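Please look over the sequence and the structure before reading on.

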Amino acid sequence: MKKVAVIGSGTMGNGIAHVFAQHNYQVNLIDISPEALQKAQQTITKNLDRMLAKQQITEEQKNATIKNITPFTALAEGVSAVDLVVEAATENKAVKLQLFRELDQHCAPEAILATNTSSISITEIAAVTNRPDKVIGMHFMNPVPIMPLVEIINGYNTAAAVTQTILEIARNLKKTPTAVNDYPGFVANRILMPMINEAIYSLYEGVAGVAEIDTVMKLGMAHPMGPLQLADFIGLDVCLSILRVLHEGFGNPKYAPCPLLVNMVQAGHKGVKSGTGFYVYTPGSKDLVVAERFR
């Protein structure tokens, strides 16, 4: 398997394309927006330049990586001759289900269809295709070129041979894959999101401030980033979406999103992507400034 299509050129999609291309896979990067594709290619080049400056790659490797990526705006054209598709579109169930219906029609019968979803059921996605045995979760972590883990999620009908193939591919990317089963939130977000939600509740209930909560977790629990800063980094809208999947999937009130999180997302305060969340993010600045509302 050396020809891969990545669907979606946002933060996760361009990172996934970067990693595959860097490890000598031919990558078709697909997005309906030419502007998004151009921005993705600029981001990949910038990240490669950073690696080059740190002597992590050579100039030759940088150029080969860029050459390995071909942009497409037409889905059918981009996936027609690939061995593997990795879908990294928006975390929206309706969008993903429609994409997988189309992928099933346009991809070769033997192609494996993977999704980078962080919470949506692999089994449900697979059910809209005629190849549920060839559908699997391939959940990369952000930022993809740096984070070593890939959470491999088996749907109810995923074939063992497909799982082994994807585990091998992840290792070829110099990642550490871990196979889990398809239940709400899988492992990563089933554990992470309740912690983030509890941190937001601690702020909401006045237990402590933003900086204090994050400091406790960084210095007391050896977390590289506090849960509120991490929520901003992930995207508060994404956190809310995952918590709703957990709440619906398990029917347990402990997964109910904190009202503060709901209000922030409704107000457009989504974290790094919007410029404001629990902290304020100014382009070019590395200073961590608590949002005025929480000071």
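## The stretch 3–182

Over residues 3–182 the chain is 43% helix and 22% strand. The model is a predicted one. In UniProt, an unreviewed entry lists residues 3–182 as "domain: 3-hydroxyacyl-CoA dehydrogenase NAD binding".

Strand β1 covers residues 3–7, and Ile-7 lies in it. Ile-7 counts as buried because its relative accessibility is 6%, which is under the 20% limit for buried residues. Beyond its neighbours within four places in sequence, Ile-7 is in contact with Ile-30, Leu-75, Val-85, Val-86, Glu-87, Ala-88, Ala-89, Leu-99 and Leu-103. Ile-7 and Glu-102 are 95 residues apart along the chain, and their C-alpha atoms are separated by 12 Å.

Strand β2 spans residues 26–30 and contains Asn-28. Is Asn-28 buried or exposed? With a relative accessibility of 6%, Asn-28 counts as buried. Leaving out residues up to four places away in sequence, Asn-28 touches Lys-3, Val-4, Ala-5 and Val-6, and also Thr-70, Phe-72, Gly-78 and Val-82.

## Annotated binding site

The unreviewed UniProt entry also gives a "binding site" feature, placed at Gly-8, Ser-9, Gly-10, Thr-11, Met-12, Gly-13, Asp-31, Glu-91, Lys-96, Ser-118, Asn-142 and Lys-273. Of these residues, Glu-91 is included in the lining of the second largest pocket.

Gly-10 sits in the loop between β1 and α1, the helix of residues 11–22. Its relative accessible area is 38%, so Gly-10 is partly exposed. Gly-13 lies in helix α1. Gly-13 has 1% relative accessibility and therefore counts as buried. Not counting residues up to four places away in sequence, Gly-13 touches Val-6, Gly-8, Leu-29 and Ala-88.

## Helix α10 and what covers it

Which residues of α10 are buried? In this helix they are Pro-227, Leu-228, Gln-229, Ala-231 and Asp-232. The cover over the buried residues of α10 includes α8 (188–204), α9, α11 (236–250) and β9 (279–280). Just after α10, Gly-235 takes a positive phi of about 115°.

Helix α9 runs over residues 210–221 and helix α10 over residues 227–234; their axes come within 7 Å and cross at roughly 100°. This angle makes α9 roughly perpendicular to α10, because angles of 65 to 115 degrees count as roughly perpendicular. On the α9 side the contact is made by Val-210, Ile-213, Asp-214, Met-217 and Lys-218, and on the α10 side by Pro-227, Leu-228 and Gln-229. The residues of this contact of α9 with α10 divide into five nonpolar, one polar and two charged.

On to the next helix: α10 and α11 pack at an angle of about 95°, with their axes 5 Å apart. Here too the angle makes α10 roughly perpendicular to α11. Ala-231, Asp-232 and Ile-234 in α10 meet Leu-236, Val-238 and Cys-239 in α11. By class, the contact of α10 with α11 has five nonpolar residues, one charged residue and no polar residue.

Technical notes: Residues numbered from 1 in each chain as written. Predicted model: local features only at pLDDT ≥ 70, side-chain atom pairs only at ≥ 80, totals over all residues. Heavy atoms only, no water. Axes fitted to C-alpha atoms, helices over the stretch in contact; angles between N-to-C directions. Helix = DSSP H or I, 4+ residues; strand = E, 2+ residues; numbered from the N terminus. Parallel < 35°, antiparallel > 145°, perpendicular 65-115°, else oblique. Contact = heavy atoms within 4.5 Å. Nonpolar A, V, L, I, M, F, W, Y, C, P; charged D, E, K, R; others polar. Buried < 20%, exposed > 50% of the residue type's maximum accessible area, 1.4 Å probe, protein only. UniProt positions renumbered as here; feature names shortened; annotations may be inferred. 1 Å grid on protein atoms, 1.4 Å probe; cavity = no way out; pocket = protein on both sides within 12 Å on 5 of 7 lines; lining within 4 Å.
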